[in-house]
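Biologist: Could you take a close look at one part for me, the interface between the two chains? I'd like the cut-offs spelled out as you go.

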2 protein chains.
Amino acid sequence: MSDRSERSLLPNGLRDGLAPEAAHESAVLERLMRHFHSYGYDRIDPPLVEFEENLLDGVGTVMGPHTFRLMDPVSQRMMGVRADITPQVARIAATRLRKQPRPLRLAYAGSVLRVRGTQLRPERQFRQAGCELIGVDSPAADAEVIELAAVALRDVGIARLSVDICLPTLVPTICDMFGLDRTQVFAALDQKDASAVAALGGEAGALLMALLRASGPAKTALEKLAKIELPEPLAIERTRLEAVVARLQKAVPDLALTVDPVEHKGFEYQQGLSFTLFARGVRGELGRGGRYSLAGKGDPATGFTVYLDTILRAAPPPAPERKVFLPTSTPDGEGARLRREGWVAVSALSEAGDDAAEARRVGCTDILRDGRIEPLKN
Amino acid sequence: MSDRSERSLLPNGLRDGLAPEAAHESAVLERLMRHFHSYGYDRIDPPLVEFEENLLDGVGTVMGPHTFRLMDPVSQRMMGVRADITPQVARIAATRLRKQPRPLRLAYAGSVLRVRGTQLRPERQFRQAGCELIGVDSPAADAEVIELAAVALRDVGIARLSVDICLPTLVPTICDMFGLDRTQVFAALDQKDASAVAALGGEAGALLMALLRASGPAKTALEKLAKIELPEPLAIERTRLEAVVARLQKAVPDLALTVDPVEHKGFEYQQGLSFTLFARGVRGELGRGGRYSLAGKGDPATGFTVYLDTILRAAPPPAPERKVFLPTSTPDGEGARLRREGWVAVSALSEAGDDAAEARRVGCTDILRDGRIEPLKN
């Protein structure tokens, strides 16, 4: 079979995880989950498919075009394969866990499936992990989830982590206050097109120009923002931003923090302070999060999702592994003892003329001889 | 919202994993995978969906009626959502890993989805984990996978583990040799209906009666089997069975082993020595496995799959967890220190009038006071 036909074994955007990457992905994921757990986030595990109407409700609305549908022969109702886990967590928080005391801290990890890949993420299946902090609308909550994401990502080896904070409600609020067309304003801002922004003219144009120029490293961005005269609702958001940045600078002093007040792309359901997690020099984002409202009860909530594919591109590769070969002459119980000590121990299944050659052939680095482990020469 | 409507939140047979069960399931799964890894089984991770024709090829043929289908808008071809992971592992071994040295040891873990639940397993989504040992057709290989399954299951707390070994090709071979109708013979054997088996008459009836009576604990079953005069192909299978049992009795001396030579249900694709893993007193099987052939190249293979839902019913429940509450007065860095020490530490997000009451309200068992952890009284 040629390499070409091997590639066509799977639909576009789907792949087989092989050794050692699959084990590495799973180890990184469990390490992230241990951090989430250590902050008191309880793991929940929603199913891969559920009724379409629930999956695409509330924060899930934007996932409609990305979601595969299935007919459920039992209920005769349409189900969707999850394209995002956050809407499922929101559903669980608003229903099964509605009586649990707030703040409610939930963590999750799992695979999602999407109808089509994008240019930035051609994968149609990838793993997400994340946390949701529900029931508290305070800068302390915003700061906790950013701190947790940063601490967890750095622990799995993301060296050049950068958190970009934005206020995705700022520009829409300005548009509404001054009667501007959102689409037009977003287009000008997205291209960082200062002349188009300036051309909007008047008080709104000047305000948007000032906000556009106030993006950058947190310290200088906050200084520039502080000098802008902001109408009341925007000033409240700025105060929150200042409080969150101050908390993060105390909790994770060496974290690279930037602020981009006018960023909004991909924050369709966010209703307040949001953020993107990057590794400098690595394509794509590691994750993102921000403030939203639970459907129904309207609990304030914030949280984040990280993407394992990007994390693995940014994290160091797995350390090479040692494996010891156990010839057929190995006494009973030796394998069990070595495995308890943490060794990967591969048992010979038949006599080999040359045990060392056989050990190397099956990928072992060491061999057990007379009760002692000896490294194999290449 | 009533409990009734909560139940109808999800399609039948699908469920939300909540705390503490979801974290427990994942911990048990990772512990199993560590055992698989320690025997040299490399983790692979096939996708949730793939082309229907590959998924339902070879060992996957029997999963056809259980598999949800999706149209892939990219390739315009039909895909299936996996209902079993073993066929995917077989595909990978026969294609991407066809040039890897044999024996090839592969491990996997993941969720599968099925169109309908069964009476024994009403769940339509559940987690599988398993191992495949490819390229070796020897009793040593059969014994290794059974030993590994047993060691791993006992380590996650399955106390009353029992392995039932069967030879699913025995009865079909007899039917073919003596020109008997398989359906009729299976029906009689499945009901353990001795009179119906005896009524088959002649040499075949006597042989089948003897085999039916030879089921039970391995030691006595092997003694009874040894006394039966078996035609050549069946005698070879018996010799293999004796060799595998002897190896297991040495490797895992206290393992409860039974033999049921005429068992065949659910071993549709197995072509030799097979087995079922039970916990005595627990509904459903923990897992199963056996010998098969890889499609295409025809590599001999054996392996097993375990089901996390049954394992969790049979394993001890998770130990109650301690969580320490950090009041807002907690100095910077204390939370990080406690979490490094292994504590689950929940930070207060706002001043509480009574920290201890607040700690209890959010489910903490301990509180940090003046740098010391104090258990909370109830």
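Modeller: Here is a walk through that interface, starting with the ground rules. This is a predicted model, so local features need pLDDT of at least 70 and side-chain atom pairs count only at pLDDT 80 or more, while totals for chains, interfaces and linings use all residues. Residues are numbered from 1 along each chain as its sequence is written, chains are lettered from A and ligands numbered from 1 in the order in which they are written, and side-chain values use heavy atoms, with hydrogens and water left out.

As for contact (heavy atoms within 4.5 Å), 77 residues of chain B touch 77 residues of chain A. The copies meet through the same surface, because 100% of chain B's interface residues are also interface residues in chain A. Together the chains bury about 6,800 Å², 57% of it on carbon and sulfur atoms; buried area is the accessible area (1.4 Å probe) that two parts lose on being put together, summed over both.

There are twelve salt bridges between chain B and chain A (a side-chain nitrogen of Lys or Arg within 4 Å of a carboxyl oxygen of Asp or Glu). Asp16(A) pairs with Arg91(B) in a salt bridge, with the closest N and O atoms 2.8 Å apart.
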